[in-house]
Amino acid sequence: MTHLIQLHEFDGGIHPPENKRQSNSRPIRKASLPSELVLPLHQHIGAPANPVVAVGDTVLKGQVIAEPEGFVSAPLHAPTSGKISAIEARQVPHASGLSETCIVIEPDGEDTWVEHQGLCDTLGLDHCDDIPVDKLLERIRDCGIAGMGGAGFPTAVKLNTGKHKIDTLILNGAECEPYITADDMLMREHASEVIRGAQILLQILGAERCLIGVEDNKPEAIAALDDALVQHNEEHHIDVVTIPTKYPSGGEKQLIQILTGKEVPSGGIPASLGIVCQNVGTAAAIADAVDFGRPLISRITTVTGDAVRDKGNWEVLLGTPVSHLLSLSGYRPAKRERVVMGGPMMGFALPTTELPVVKTTNCLLAPTEKELPTNNPAMACIRCGLCADACPADLLPQQLYWFSKAQEFDKAEQHNLFDCIECGACSYVCPSEIPLVQYYRFSKGAIREERAAAEKAEQARIRYEARIERQEREKAEKEAKRKARAEAAAKAQSVKKEAPAAKASPVAEPAANADLEKLQKQLAAAQAAVAKTKEKLEAAREDPEKADKIPAFESALAKTQDKIKTLAKDIAAAKKAAKSAPAAAGPDKGDPNSPERLQKKWETAAARLETARKRLADAEANGADTVDALRAGVEKQEARVAEAKAAYEASLNSDASASTGASLETAVSNNAGTDNTSAETVAAKPNSEQLQKKLLAQKDRVEKAKERLEMARAEGLDSVEALEKALNKQLDKLAAFEAQASTTGEV
Amino acid sequence: MSTIIIAIVVLASLAALFGALLGFASVRFRVEGNPVVDQVNDLLPQTQCGQCGFPGCKPYAEAIADGEKINKCPPGGESTIQALADLLGVEPEPLDAEHGAEKDVPMVAYIREDECIGCTKCIQACPVDAILGAAKQMHTVIVDECTGCDLCVEPCPVDCIDMVPQSTDTSSWYWQAPTTGVELIATDRRSLKTEAHA
Ligand code: SF4
Ligand code: SF4
Ligand code: SF4
Ligand code: SF4
């Protein structure tokens, strides 16, 4: 120590029995490899990491197995070489005892490192003192370093101080909590790494000085650090400061106050005072990462308590089961005994020992009932005020207790509940043995949950409003479209009235005709396809070898026929369009129902009738026995003539569209192989009555289909979808009929 | 005489000046919407479930501002009623059971994805667009956005939507308050302890 540092004191604090001697009297031992390592993805504050390996992959020691997700997060590395045996939810060491996703590694025992090297070599620099700061930060982030003092905040994020100018770096080596000696042993045995870490941190932060605060109950650690300072020639920047032993001097805010006399404002961060605080273990890990490229895959953990025979510190791979470590230390569980992760003041009892050691596990405490009795039932608060005297954060624990108990969270917040560091000093001194900290943890959690709910409600409100807005916009758009269409229709109507018959609008018609031609071509092609498929089908039916292909052909046939039907519908629609463009383009040569053709038909029919009559007359004169047959023929022919005449007359009427469409449909259905000759008549003589009947029948069918669908829905049958389709088809047909009926009605 | 004229001129110009100032302020610092409605709306849980009988929280907020009863929102429950009563200076009333009961755990919708037929009916029902999907495609709920309003459950033709309690993970979990038993005095305590050991 070269500078004289004026020490300050924080209010409150307690002096519980230290109980450190048990575990700091022997050197750190290396824990053996367990049979499996369980690595929770969420060992740090922030978002859980994202696995980048799959089950069955082999990994090398130090290989990245999970990438950080987002800014506040940290990657995860394989602590040893081996095989990924599972990625699954396992119980994690957390007060809740909940399960979270973990990567499980089955070690192969080789412990083969992945290729790694110091940052200096990676960058190929000559002078390892001037590595760019961003590279250093990147390395720290890539090595998965998170605060090892207990909170586990990703170090690279904490070092990103933004606009704050940092002048002092504080390394926390106070280790004030009873029983724990992990940092003590680390400072003794790895003092050089700690100092090297401090150098790197100073460079990153651009700070002038570094204070390493160590409680005066660790003289060996202080001596080791002083030696290391001399080795590194750093006596001028880095000071090892001995501070008096008092719990909780290792609290970040308390240590800052002791060393600098400055108080971190409520809700503020130390960086706003120009100070950054890091744990000594974190500093050593940073040195390892930067100088040797070794990620954070192991840590030093104290195993202590009277229930273990062999108390001491272990260098243990992350993911090692607690039970493994305990058995190495000779754990003798007795009745009603617990294992606490962390110290007796701030730790939590583990629900089972089959939980892994994680980045923040500094201590496993296995006390006997005598050593650390379970809590007695709480008694009433006697308002003694001892808790307020003990509180290092200058809070009023008694008030906070009343508010938390009454769930008056807003009042608790007003009394700075969130400044409570949950040190447990108040519970420790409380003569009524009230579990005060648990009350504070509960209210903090409830308040956080409330805040999250409020945030979510705000989000929901925004989304709801956005949805309403969108719906309104869509409605307006639809309305506008509808209006536009109505206007267009009105215009068309008026044009139609102005120019009745014959005068086609020159633009619309060719387009419509072009469409029509295309559709007709497609129809022809489809018909050809049908014919071919039918042929093939016949062949297949005859040939037993091809029998297995029949279903395929049949389905193909059905498909093509379907297509033909839709094409026919399209054609009808196109025709209607062409016709509705002012009175439709005069007599159409291609149309089998054009008046001219119909006239011809009528004429030929009449001529045939003439000849038939002549023959009949001849036969009657000759007394031949064919008379009857001939008479019937004549009658038929007469009927045909009458039909043809009617058709011709009908076609002369200005709007023949309905008949055209219908006849086309029948024509097509004939092609498609349906026997439907009678429809010809309907086509020729659009009969509104018949249509009406069909319409009614169709309506009936739709009703039935609907009923069936409802039933299927009610019973949750699988056929719902099919029924829905069927209903839609029926509805389409109904619409078609209705359109037809209305056009016929006009005629 | 001239003093009177001066006084009149001065007063008139002052009046004109302040009138202009006030007019300007009323345009410049105008508050959009009805602030009471917004305040009430901020207190409602924004579940948008319509259990209150209004098509959403905002409409109910508007109705409250017009004198509607404040005890009709089950998702908000007693705490919301209390907050509304505080805001509006009225007596809190117990939740109107006619609109439903308060749920003790927050729920979220979950679509059993292999049963979804992709009918999009739930999307149309969701007031906060928390369901993702397209016609004939599998649909799924964006859990973070779901308010647990139940509205999507009914329209599903194959009943593949369940309401499940929101899961807790280690970041949302928190300690429960210590169970407060009987408050003991010192002599009680000794006997209790020996009992526990026996
Ligand atoms: S737990 Fe909180 S209230 Fe109690 S002494 Fe520590 S800081 Fe103060
Ligand atoms: S120490 Fe315990 S008994 Fe005394 S005032 Fe605080 S809470 Fe009450
Ligand atoms: S009942 Fe539903 S819609 Fe109505 S205010 Fe409450 S959360 Fe909103
Ligand atoms: S997903 Fe369902 S329960 Fe969730 S908000 Fe949307 S409609 Fe409501």
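Reply: Gladly. This is a predicted model. In it, 48 residues of chain B are in contact with 38 residues of chain A.

Me: What makes a residue count as in contact here?

Reply: Its heavy atoms must come within 4.5 Å of the partner's. On that rule, 48 residues of chain B and 38 of chain A qualify. About 3700 Å² is buried between chain B and chain A, and carbon and sulfur atoms give 56% of that.

Me: Why is the meeting of A:Arg467 and B:Asp129 called a salt bridge?

Reply: The rule asks for a side-chain nitrogen of Lys or Arg within 4 Å of a carboxyl oxygen of Asp or Glu. The side chains of A:Arg467 and B:Asp129 meet at 3.1 Å, N to O. That is within 4 Å, so the pair is a salt bridge. Across the interface of chain B and chain A, the rule finds three salt bridges.

Me: Which elements of chain B give two or more residues to the side that touches chain A?

Reply: They are α2 (35-43), α3 (57-65), α5 (121-125) and α6 of chain B. α6(B) gives the most, with five residues.

Me: How confident is the predictor in helix α6 of chain B?

Reply: Confidence in chain B is lowest there, at a mean of 52. The mean pLDDT of chain B is 86.

Me: What makes B:Cys126 part of the surroundings of ligand 4?

Reply: A residue is near a molecule if one of its heavy atoms lies within 4 Å of it. 13 residues surround ligand 4, and B:Cys126 is one of the closest. Around ligand 3 there are 14 residues, with B:Cys49 and B:Cys52 among the nearest.

Technical notes:
Residues numbered from 1 in each chain as written. Chains lettered and ligands numbered in written order. Predicted model: local features only at pLDDT ≥ 70, side-chain atom pairs only at ≥ 80, totals over all residues. Heavy atoms only, no water. pLDDT = per-residue confidence, 0-100. Helix = DSSP H or I, 4+ residues; strand = E, 2+ residues; numbered from the N terminus. Buried area = accessible area lost by both parts, 1.4 Å probe.
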